[in-house]
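Biologist: I would like to learn how to read a model like this one, feature by feature. Could you take me through it?

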Amino acid sequence: MEIITVGIDLAKSIFQVHAVDAAGHVVVRKALRRAQVVPFFAKLPRCLVGMEACGTAHHWARELMRLGHDVRLMPPAYVKPYVKRGKTDANDAAAICEAVTRPSMRFVPVKSTEQQAALALHRTRDLLVKQRTQLVNMIRGLLAEFGIEMARGLRHALELAARLSAGDAAEVPPLAQRVVNGLADQIGAVQIQLTRLEKELLAWHRDCDLSQRLATIPGVGIVSATALAASVSEPERFRSGRQFAASLGLTPLQNCSGGKERLGRISRMGDRYLRRLLVVGMTSLIRRAKATPTSVDPRLPALLQRKPVRVVTVAAANRTARVAWAIMTRGGTYRAPAAMAA
């Protein structure tokens with residue numbers, strides 16, 4: 001019996017395989033060690049291979065595609081309904097094998113090594129920014145115990161740490177000063193690493209034409225542009241900009257029944273990192289709209305007069321996602337409205 005479809009449940013060491021023939025009969029149901037995966041698939045004729053889009057999935061997809069197989073990645077949430085009973089590796093592999101053959105299944109494009117390298121820069125930068133924030137908050141909390149209030153911002157934290165090291169704060173015991181100085185040194189080390197990563201991102205941005213075109217959108221900087229260019233492999237898979245915005249969780253959550261349509265908050269599904277970058281970028285744009293309304297799209301100040309600021313921010317992020325999809329699929333750059341151009 002010839003194997004037609006294979007479902008593989010990925011793991012660190014033990015991989016579960018579930019293979020069926022054209023009639024749907026189970027041909028292979030076995031566990032493989034990591035070193036056995038590639039030799040096993042090398043012996044198979046070309047077939048459809050399904051796996052969940054999780055950690056290491058893109059690596060294994062590229063490996064199996066080199067062997068000539070048709071590999072498709074699926075969101076784990078879309079595979080879960082096909083699990084019959086019990087959470088086991090064998091049941092998961094069988095569910096993946098069943099789900100990959102569904103005509104209505106949505107698949108995740110396989111990322112290249114270059115895209116994953118750029119995303120590694122983003123993930124590392126995001127981690128370092130969180131660590132820097134934790135260190136600053138730690139310094140703020142320690143100094144508050146001695147009656148010293150620190151202004152917001154990284155610059156104020158480093159300036160205050162320098163004052164402590166110079167002995168300008170007599171009310172702080174020497175032991176506490178040494179602790180704060182150690183934390184300030186860690187902030188400096190993290191800041192150096194962040195500067196290096198941002199230089200790498202800038203170099204990648206200059207080499208990527210798509211990232212440069214995305215950066216022409218108001219509120220989209222180098223970080224957001226490179227993240228979009230590296231994360232979205234095949235934008236043409238989305239039928240419209242609204243579908244792309246929905247994939248990022250920027251559209252209202254629907255709760256409809258009995259012919260009554262109810263729209264709630266945004267769904268917050270999909271890539272939360274991209275969604276956060278878009279919302280943060282639009283938050284900056286909204287601040288600029290408040291300060292100098294003539295420098296932004298005239299629809300933003302008009303919308304701010306009718307709706308709360310946060311609602312406008314999310315709506316602007318939704319629209320930015322649609323504009324980004326249009327640029328990725330049709331080419332070109334952002335074109336400002338006629339009122340702004342005039």
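Predicted model: local features only at pLDDT ≥ 70, side-chain atom pairs only at ≥ 80, totals over all residues.

Biologist: Let me start with a bridge. Which residue in E4 is the bridge partner of glycine 7?

Modeller: Strands of a sheet pair through backbone hydrogen bonds, either parallel or antiparallel. Here, glycine 7 has glycine 50 as its bridge partner in E4. The two strands involved, E1 (residues 5–9) and E4, run parallel and are joined by 3 bridges.

Biologist: And in E2, what is the bridge partner of glycine 7?

Modeller: In E2 the partner of glycine 7 is histidine 18. E1 and E2 (residues 14–20) run antiparallel, with 5 bridges between them.

Biologist: What is the order of the strands in the sheet?

Modeller: The order is E3-E2-E1-E4-E5, an open sheet of 5 strands with mixed pairing. On average, neighbouring strands are turned by 20° against each other, with direction ignored.

Biologist: Which helix packs on this sheet?

Modeller: Helix H4 (residues 89–99) does, touching E1, E2, E4 and E5, and its direction makes about 140° with that of E1. For reading a helix, the general idea is that an α-helix has 3.6 residues a turn, so residues three or four places apart point the same way. The buried residues of H4 include Asp92, Ala95, Ile96 and Ala99. What the buried residues of H4 pack against is E1, E2, E4, E5 and helix H3 (76–79).

Biologist: Back to E4. Why is it described as largely enclosed by the rest of the structure?

Modeller: In a regular strand the side chains alternate between the two faces of the sheet. For E4 (residues 48–52), 5 of the 5 residues are buried, so the strand is largely enclosed by the rest of the structure. Leu48, Gly50 and Glu52 are buried on one side, and Val49 and Met51 are buried on the other.

Biologist: How does E4 connect with E5?

Modeller: E4 and E5 (residues 70–74) pair in the parallel sense over 5 bridges, and leucine 48 has aspartate 70 as its partner in E5. Together with helix H2 (residues 57–66), these strands make a right-handed β-α-β unit.

Biologist: Now for the rings. How many aromatic pairs are there?

Modeller: The count comes to 3 aromatic pairs. In one of them, the ring centres of phenylalanine 40 and phenylalanine 41 are 5.2 Å apart and the planes stand at 90°, so the pair is edge-to-face. Phenylalanine 238 and phenylalanine 244 also form an edge-to-face pair, at 5.3 Å centre to centre and 65° between the planes.

Biologist: Which arginine lies over the face of phenylalanine 107?

Modeller: That is arginine 72, at 5.2 Å from the ring centre. Arginine 123 lies over the face of tyrosine 273, at 4.9 Å from the ring centre.

Definitions and conventions
Residues numbered from 1 in each chain as written. Heavy atoms only, no water. Buried < 20%, exposed > 50% of the residue type's maximum accessible area, 1.4 Å probe, protein only. Helix = DSSP H or I, 4+ residues; strand = E, 2+ residues; numbered from the N terminus. Pairing = 2+ DSSP bridges. Right-handed = clockwise from strand over helix to strand, strands pointing away. Phe/Tyr/Trp six-rings, centres within 6.5 Å; stacked < 30°, edge-to-face > 60°. Lys NZ or Arg CZ within 6 Å of the ring centre and 35° of its normal. Axes fitted to C-alpha atoms, helices over the stretch in contact; angles between N-to-C directions. Contact = heavy atoms within 4.5 Å.
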